[in-house]
Amino acid sequence: MHVQEWLETVPPLAIYLLVGLVIGLESLGIPLPGEIILVSSALLASQHGEIDPVILGACATAGAIIGDSIGYAIGRKGGRPLLAWLGGKFPRHFSEGHIATAERSFQKWGMWAVFFGRFVALLRIFAGPLAGVLHMPYWKFLTANVLGGILWAGGTTAVIYYVGVVAESWLKRFSWLGLVAAVLIGLTSFLILKRKAKQAPAAPAEPELVSAGE
């Protein structure tokens, strides 16, 4: 079953909680499809009035900020042994190569890595714990975390919701255009066939006249 199809069976309150929880756990450092859940929920909100996009965006933003903050605290306390443990549990996401790449990004960009990392799937998982492991000053982390969380979660919700509304409106207009086009094509085909049907008896008439003359 598709994610959006499954979400259609879930009450709106549960969707708000689910979005906040999944994004929060992903931001904490657990590889989960937070972005997929958010996009599917925002698209569903554009099609069903029961889901408020403002509440949805707020829950997603809260999950992102809180999850990252918890990840930061865990990373600061656990240090590099925590990364080694995560590498054993999630080798696909926390391999030594991925950790080295993320660490270089943090060393080069600092708090901007936390901010822009929110928009990159891999860095979104690393941002909180790795910032804590590298002992980034918390005020820098918190500033980038809050701004990135608001822009990513709120922006994604708003864009997908708007695109969904516009697409649904366009599809409705397209359905009417399709109906009109189908009627015109059908009417044109009928007139062409009717004209050919009238001309059909005239075709064999010439051979008959020729044979009569002979």
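A nonpolar core is a set of buried Ala, Val, Leu, Ile, Met, Phe, Trp, Tyr and Cys residues joined through side-chain atoms within 4.5 Å. The model discussed here is predicted. Its largest nonpolar core has 18 residues, and a second, separate core has 17 residues.

**Nonpolar cores**

- In soluble globular proteins, nonpolar side chains tend to be buried together.
- Within the largest core, the residues with the most contacts are Ile 15, Val 19, Ile 23, Leu 38, Ile 51, Leu 56 and Ala 60.
- Two or more residues of this core come from each of the helices α2 (12–28), α3 (34–47), α4 (53–89) and α8 (138–199).
- Ile 51 touches Pro 12, Ile 15, Tyr 16, Leu 44 and Ala 45, when neighbours within four places in sequence are left aside.
- Among the members of the second core are Leu 83, Phe 115, Leu 123 and Ala 127.

**Nonpolar surface patch**

- Trp 109, Trp 112, Phe 116, Phe 119, Val 120 and Leu 151 make a nonpolar surface patch of about 660 Å².

**Surroundings of Leu 151**

- Leu 151 counts as partly exposed because its relative accessibility is 48%, and partly exposed covers the range between under 20% for buried and over 50% for exposed.
- Beyond its neighbours within four places in sequence, Leu 151 is in contact with Phe 115, Phe 119 and Thr 156.
- Leu 151 and Thr 61 are separated by 90 residues in sequence, yet their C-alpha atoms are 8.4 Å apart in space.

Definitions and conventions
Residues numbered from 1 in each chain as written. Predicted model: local features only at pLDDT ≥ 70, side-chain atom pairs only at ≥ 80, totals over all residues. Heavy atoms only, no water. Buried < 20%, exposed > 50% of the residue type's maximum accessible area, 1.4 Å probe, protein only. Helix = DSSP H or I, 4+ residues; strand = E, 2+ residues; numbered from the N terminus. Contact = heavy atoms within 4.5 Å. Patch = residues over 30% accessible without salt bridge, like charges linked within 9 Å, V, L, I, M, F, W, Y side chains within 5 Å. Areas by Shrake-Rupley, 256 points an atom, 1.4 Å probe, with all protein chains shown as cover. Salt bridge = Lys/Arg side-chain N within 4 Å of Asp/Glu carboxyl O.
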